[in-house]
Amino acid sequence: ARMGLPALALLLAAGLLHVQASPLARSFELDYEEDCFRKDGVPFRYISGSIHYARVPRPAWRDRLLKMYMSGLSAVQVYVPWNYHEPQPGVYDFAGDRDVEAFLDLTAELGLLVILRPGPYICAEWEMGGLPSWLLWKPDIVLRSSDPAYLAAVDSWLHVLLPKIKPRLYQHGGNIISVQVENEYGSYYACDHGYLRHLLGSFRALLGSEVLLFTTDSTRAEELRCGTLQGLYATIDFGPGSNVTEAFGAQRWVEPKGPLVNSEYYTGWLDYWGEAHASTSLVHVARGLEDMLQLGASVNMQVVSWYMFHGGTNFAYWSGADFKDQYKPVTTSYDYDAPLSEAGDPTEKLFAIRMVISKFQPLPAGPMPPATPKYAYGRVALQKHADLLDALDVLCPSGPIQSRFPLTFEAIKQAHGFVVYRTQLPRDVLEPTMLGAPPHSICDRGYVMLQKEYRGTLERDGQTTVHVMGRAGDTLDVLLENMGRISFGANISDFKGLLGNLSLDSSPLSNWLIYPLDIDAAVQQGWPHAALPKSSRRGRAGPAFYTGTFETPGITWDTFVKFPGWSKGQLWINGFNLGRYWPRRGPQQTLFVPGSVLHAGRPNNITVLELEGAPSTPLLLFLDQPLFNRTLGHST
């Protein structure tokens with residue numbers, strides 16, 4: 001018999017209600033009565049650790065995640081750096097190492113839940129806190145605010161990213177249990193609750209009403225006032241040495257009921273160039289964790305007023321900077337003295353944490369995966385290929401931009417790396433004369449050359465003058481290096497390049513040729529190994545490229561490169577940009593080379609851009625362990 005439409009509608013509605021009320025329906029939510037999370041209706045406590053897929057080569061993702069799982073973690077916390085995926089407005093990259101969907105799917109395969117932190121601002125000591133530098137193409141934009149230009153860019157990005165996230169939410173069969181909105185917004189000067197409300201509306205519209213959204217801030221009352229918003233569950237962050245009861249008391253000030261959550265438990269500290277290598281006592285870390293677990297708190301392992309469980313590496317130009325009375329660039333290594341080392345090796349700290357976790361919940365069956373194998377490939381001799389100024393036709397094929405006065409990186413749409421500023425001496429300079437820059441106008445280091453001879457280095461918050469001599473019409477070049485945009489605080493609108501004009505004995509210079517360099521594109525296309533060396537009568541001082549090759553003994557294991565006698569520069573192997581080296585400044589003395597970058601059975605091509613001065617016998621030394629110096633000189 002045919003059923004009438006009203007009766008059918010009633011049955012369908014009853015069935016739908018039954019499904020929604022069924023204990024089989026997936027849910028992750030807050031329980032304000034019992035002060036806990038509930039997963040599928042059952043009280044739930046997670047222990048999680050931070051890992052940044054952008055700092056770990058894709059072939060190593062499984063190894064790192066498996067070690068985190070075997071440590072007893074039930075979840076991982078994951079940032080999404082906007083600028084890693086949208087290098088130009090409307091141009092998106094989710095391939096290879098940037099395939100965040102593949103990373104999230106791998107976490108699910110390994111049985112890990114995910115706490116996602118998609119920003120749009122993330123900090124993380126990442127270049128510009130994850131915000132794209134092209135936002136600064138509009139010089140007066142107010143970042144992390146209700147500025148319409150900023151919100152338009154944010155909305156455009158969220159409409160690309162969040163639809164990739166929604167099917168992976170726990171409620172939809174995935175493993176993402178919660179999503180953070182912004183990051184430590186209370187520490188930012190703007191204190192714009194209209195901006196937070198806008199983000200809340202966007203996240204709800206794109207992810208739905210069921211997903212748990214939250215914020216993270218420090219325990220300071222002012223930061224909790226500016227960084228929290230009704231509709232976003234407020235969590236806090238603090239590290240070893242904090243009074244756990246007092247810290248969670250701060251959370252209770254904004255969230256009187258609900259679970260206690262430390263979203264960033266600092267297991268270490270970051271390194272800055274020119275400061276001692278940071279370390280944090282494993283005893284303090286383990287004791288603090290045990291104190292929190294005894295309180296019943298959810299705990300997310302992290303390093304310093306930052307995380308991590310596994311830090312990884314700031315490859316290429318992705319390291320950020322802080323500003324604490326002066327500009328403080330972050331090292332290439334993001335080891336952070338974390339439980340898993342930069343190379344992904346279990347440390348004593350990891351086993352101490354694992355022991356604490358085992359007191360509160362059973363550990364996964366089976367042994368901890370071992371450290372990845374390392375190999376000391378030994379010495380590799382290099383030879384000078386060309387001075388940088390002799391390769392401008394390759395590094396800047398479009399030619400220079402002409403301008404009466406210097407233009408910033410942002411004004412010429414250069415995101416990272418290096419730009420050459422060229423002019424001529426306007427008159428004879430027969431006595432040593434001061435070439436100088438206004439305060440705070442060198443962002444971040446300027447390598448000065450007159451008639452292609454290196455004369456010295458200008459530095460942000462450091463030396464801002466050099467003395468020169470020459471004839472009218474002599475060519476003056478300044479190679480400007482971007483050392484990473486500030487990632488935290490009020491100064492994240494961190495413009496790069498020459499922000500003011502250089503002066504010769506107080507007379508401003510003018511009529512500049514500006515060369516935006518794309519070194520990475522040239523190296524990835526086979527330069528300089530596919531080109532003949534350029535003859536040079538000049539010595540080893542100043543910016544120049546060096547090349548060499550080596551073969552592996554049939555294996556491609558992880559390794560570390562040491563730079564004996566080198567000053568400062570950038571390293572590529574087989575076209576992969578391994579980041580900045582700076583042994584003169586320290587503390588980092590080696591760069592991590594993942595085995596996945598190397599070739600077996602054919603030569604590995606090394607390209608070095610040395611900026612200040614190579615050793616008389618240019619060579620690299622490949623080791624099976626990293627080196628950090630603890631007694632530092634501050635020479636450039």
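These questions and answers go through some helix and strand arrangements in a predicted model.

User: What makes H9 and H10 roughly parallel?
Analyst: The axes of helix H9 (residues 282–295) and helix H10 (residues 348–358) cross at roughly 20°. Angles under 35 degrees count as roughly parallel, so H9 is roughly parallel to H10. The axes of H9 and H10 come within 9 Å, and their crossing is right-handed.

User: Which residues make the contact between H9 and H10?
Analyst: Contact means heavy atoms within 4.5 Å. On the H9 side the contact is made by Leu282, Val285, Ala286, Leu289, Glu290 and Leu293. On the H10 side it is made by Glu348, Lys349, Ala352, Ile353, Val356 and Ile357.

User: How many residues of the contact of H9 with H10 are nonpolar, polar or charged?
Analyst: The contact has 9 nonpolar residues, no polar ones and 3 charged ones. Ala, Val, Leu and Ile are among the types that count as nonpolar, while Glu and Lys are among those that count as charged.

User: Why do S14 and S32 stand at the edges of their sheet?
Analyst: The open sheet has 4 strands in the order S14-S34-S29-S32, with antiparallel pairing. Strand S14 (378–381) and strand S32 (590–593) each have a single partner strand, so one side of each is left without a neighbour in the sheet. Neighbouring strands of this sheet are turned by 30° against each other on average, direction ignored.

User: How do you know that S14 and S34 pair?
Analyst: Two strands pair if DSSP finds at least two bridges between them. S14 and strand S34 (residues 619–623) have 4 bridges, in the antiparallel sense, so the two strands meet the cut-off of at least two bridges. Alanine 381 stands opposite leucine 619 in S34.

User: How many bridges join S17 and S27, and in which sense do they pair?
Analyst: Strand S17 (residues 418–424) and strand S27 (residues 512–516) pair over 4 bridges in the antiparallel sense. Tyrosine 421 stands opposite isoleucine 514 in S27.

User: What does the UniProt annotation call residues 406–518?
Analyst: The unreviewed UniProt entry gives "domain: Beta-galactosidase 1-like first all-beta" for residues 406–518. In the model, this span is 0% helix and 48% strand. Its end C-alpha atoms lie 19 Å apart.

Terms used: Residues numbered from 1 in each chain as written. Predicted model: local features only at pLDDT ≥ 70, side-chain atom pairs only at ≥ 80, totals over all residues. Heavy atoms only, no water. UniProt positions renumbered as here; feature names shortened; annotations may be inferred. Helix = DSSP H or I, 4+ residues; strand = E, 2+ residues; numbered from the N terminus. Axes fitted to C-alpha atoms, helices over the stretch in contact; angles between N-to-C directions. Parallel < 35°, antiparallel > 145°, perpendicular 65-115°, else oblique. Left-handed = near helix turned anticlockwise from the far one by under 90°.
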